[in-house]
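Please take a moment to look over the protein before reading on, and keep the display open beside the text.

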Amino acid sequence: MLQRPSSRPGPRSPFAAAFLSFLFPGLGQAYAGFGPRALAFAALPVLIVALVAGLLVAEPTRRGLLAQLTSPTALLVLLALNAALAVYRVVAVVDAYRAAAVASSLLGTDSRGLSRPSSRTHPLSALGLAAVVAVLAVGHVAAARYNLIAYDLVTGIGGGGPEPSAPIGSPDASPTGAASPTAFETALPTASQGPPWNGTDRLNILLIGSDTRPDIAGHHFTDTLIVASIDPATRQVAMLSLPRDTVRVPLPARFPARAHFAGGVYPDKINGLWLYARANPRLFPGNDRQRGYEALKGALGELYGLDVRYYVEVDFRGFRQIVDTLGGVNIDVQLPVSDDAYPLTDTKKLKLYIPPGIQHMDGDEALAYARARHKSTDFDRAQRQQRVIVSLRQQTDLATLLAPGRLEALVAAFKQTVKTDIPPDLFPRLVGLGQAIDLSNMRSLVFTPPVYQVECLSCYSLTPKVEVIRRAVRNAFTFDQALESSRAKVAEEGARVWVLNGSGRQGQATDVAAYLAYRGLDAEVPATNGGRADRLTYTRTVVTVYNGAEAELGETIRVLEDVFGVDVVTGSDPKVRVDVIVITGSRTPTLTPPPD
């Protein structure tokens with residue numbers, strides 16, 4: 001019940017009072033002359049504003065609050081608070097309207113208030129009150145809408161992949177050279193995932209780029225496989241890329257498939273393991289939705305010696321929609337990308353050329369930049385894929401997401417395109433970690449030949465050097481980035497190197513070849529003459545580049561000159577079938593690769 005105002009104000013507009021309390025609860029009551037009532041309505045909002053302001057002053061706390069907006073529980077709590085605040089504000093507006101009406105009606109009464117105040121209000125004033133309440137409600141409904149969109153997103157991208165609406169493959173399907181698994185009757189658990197990440201251990205997430213075509217049954221190839229390995233203590237991140245043509249990837253002991261396949265390795269290309277596991281439930285853990293992902297996490301975890309806890313999958317076709325929805329992406333193109341036959345569809349090809357420099361790309365261009373293979377190496381391709389991921393992360397901010405219509409379109413694209421097994425309640429932790437990591441110090445490893453794999457040109461496939469890869473992964477946060485970059489460039493140049501013993505020192509050529517292989521060169525000791533040079537009286541190392549290959553071997557020549565302390569010479573001999581010949585001498589430094 002309204003009491004007399006604390007002062008005897010002049011005429012007060014009920015609409016003005018309602019509008020003032022719309023701006024901030026209690027202002028309308030103060031305008032109507034009800035001071036204590038104004039303080040009562042303003043107290044709660046003032047406390048809330050002070051609390052929020054205090055929390056947002058510190059940058060870590062601000063990041064933490066924003067990260068909490070990815071928690072389903074926090075979003076539901078926020079939705080309830082929004083509804084409660086809306087009710088509170090409506091009560092404050094209506095109360096201010098009534099207070100002003102009462103204050104005006106009391107004008108002209110004596111000090112004892114003996115005359116009956118008039119409670120009639122002008123119809124236009126009542127209409128104004130309705131308008132203020134409607135605008136207030138619309139604002140809270142809009143906030144609730146964004147809240148529900150965010151809730152829909154964080155709860156909608158889970159679920160473990162596409163529904164098995166049709167058989168993905170024959171249950172007896174087998175990779176090349178493998179027996180049918182139907183005779184293998186081992187019962188499997190329904191899932192292999194352990195307890196949730198505890199926030200302190202090294203976190204490893206498998207990022208999958210898949211080529212899925214709904215119109216073609218059984219077409220789901222995981223062509224991009226990157227493990228993002230994050231150290232929460234140092235805030236460092238390493239991106240570990242495995243080419244899709246890698247074969248003979250080891251399988252973990254907990255998979256019955258390990259005992260099924262010779263040598264405990266998956267014999268075919270890694271980009272087909274998802275399909276094979278999905279079609280063979282007796283060999284891999286998990287239900288129909290998760291089995292393919294469990295197989296990939298287990299295989300890459302075994303290869304790297306890591307616990308790959310979660311996965312995030314993005315379909316290539318939906319990736320284009322995401323980039324377009326974000327308004328494109330700016331990418332620093334390090335090397336020009338050229339592909340005379342980039343496949344737009346199964347039948348349509350495009351002559352693609354992307355020049356170096358900062359390029360603004362739409363979805364089609366960004367996908368082409370990430371996927372182009374011709375006139376390029378697997379190393380370069382994997383580096384481009386990592387660059388796209390980092391560029392999108394760096395350029396996506398709150399202002400970008402809140403552009404009109406963008407958030408809704410982005411949520412729709414994400415729900416169709418992104419799948420993960422990360423528990424939604426873990427999202428705030430991961431978002432907070434993602435905000436804190438130092439992308440400028442990101443380590444990048446691409447496991448390409450000859451350093452990390454053996455290349456078979458006739459079949460085209462890559463066989464991993466498992467121990468070399470595991471050593472690199474163990475040292476991912478401590479390795480020499482300049483050395484790794486040099487090894488990558490040397491591997492891209494692809495020079496073939498022979499090492500010949502010109503000193504007679506036993507094992508010298510073999511040790512030097514092993515060290516050069518460690519530095520990224522495809523080096524070997526030829527079987528001809530037992531790897532001996534034309535004479536055994538060389539003192540200094542002689543390095544010769546043959547038949548014009550020097551034009552394409554800039555980094556290789558720099559490394560060889562640095563290792564041996566000599567100037568590379570050039571030669572021409574049509575009988576020489578390699579690019580470089582190294583002849584050791586008595587003064588050649590003792591060179592051996594570091595132990596695993």
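A cavity, in the sense used here, is a set of grid points where a 1.4 Å probe fits but cannot get out, and its volume is the space filled by probe spheres set on those points. Rolling a probe the size of a water molecule over the atoms shows where empty space is left. The model you are looking at is a predicted one, and a search of the whole structure turns up three cavities of 30 Å³ or more. The largest cavity has a volume of about 80 Å³.

Which residues lie nearest the centre of this largest cavity? Twelve residues line the largest cavity, and those nearest its centre are Leu 242, Pro 243, Arg 381, Ala 382 and Gln 385. At least two lining residues come from each of β2 (220–231), β3 (236–242) and α12 (378–395). Sorted by class, the lining of the largest cavity consists of five nonpolar, three polar and four charged residues.

Among the contacts with a separation of 6 or more, 74% are accounted for by residues 24 or more positions apart.

Two pairs of helices show how such elements can be arranged. The axes of α5 (residues 72–105) and α6 (residues 123–156) come within 9 Å and cross at roughly 175°. Since angles over 145 degrees count as roughly antiparallel, α5 and α6 are therefore roughly antiparallel to each other. The residues in the contact of α5 with α6 divide into 22 nonpolar, five polar and one charged.

The second pair is α9 (residues 291–304) and α16 (residues 466–474), whose axes come within 7 Å and cross at roughly 85°. That angle makes α9 roughly perpendicular to α16. On the side of α9 the contact is made by Glu 302, Leu 303 and Tyr 304, and on the side of α16 by Val 466, Ile 469, Arg 470 and Val 473. By class, this contact of α9 with α16 has five nonpolar residues, no polar ones and two charged ones.

We can now turn to single residues. Ser 391 has its place in helix α12, one of the elements that supply the lining of the largest cavity. Is Ser 391 buried or exposed? Because buried means under 20% relative accessible area, Ser 391, at 6% relative accessibility, counts as buried. If residues up to four places away in sequence are not counted, Ser 391 touches Val 329, Asn 330 and Ile 331.

Leu 439 lies in the loop between α15 (427–436) and β12 (443–446), and at 19% relative accessibility Leu 439 also counts as buried. Leaving out residues up to four places away in sequence, Leu 439 touches Val 237, Val 390, Arg 393 and Gln 394. Leu 439 and Gln 394 are 45 residues apart along the chain, and their C-alpha atoms are separated by 8.6 Å.

The last two residues are linked by their backbone angles. Most residues other than glycine have a negative phi. Arg 248, although not a glycine, has a positive phi of about 55°; Arg 248 is found in the loop between β3 and β4 (249–250) and is partly exposed, with a relative accessible area of 40%. Asn 529, which is not a glycine either, has a positive phi of about 55°. Asn 529 is found in the loop between β16 (522–524) and β17 (542–546), and with a relative accessible area of 54% Asn 529 is exposed.

Notes: Residues are numbered from 1 along each chain as its sequence is written. This is a predicted model: local features need pLDDT of at least 70, side-chain atom pairs count only at pLDDT 80 or more; totals for chains, interfaces and linings use all residues. Side-chain values use heavy atoms; hydrogens and water are left out. On a 1 Å grid over the protein atoms alone, a cavity is a set of points where a 1.4 Å probe fits but cannot get out, and a pocket is an open set with protein on both sides within 12 Å along at least five of seven lines; lining residues have an atom within 4 Å of a point. Helices (H or I, at least four residues) and strands (E, at least two) are DSSP runs, numbered from the N terminus. Ala, Val, Leu, Ile, Met, Phe, Trp, Tyr, Cys and Pro count as nonpolar, Asp, Glu, Lys and Arg as charged, and the others, Gly among them, as polar. Axes are lines fitted to C-alpha atoms, for helices over the stretch in contact, and angles run from 0 to 180 degrees between N-to-C directions. Angles under 35 degrees count as roughly parallel, over 145 as roughly antiparallel, 65 to 115 as roughly perpendicular and the rest as oblique. Contact means heavy atoms within 4.5 Å. Buried means under 20% relative accessible area, exposed over 50%, partly exposed in between (1.4 Å probe, protein chains only).
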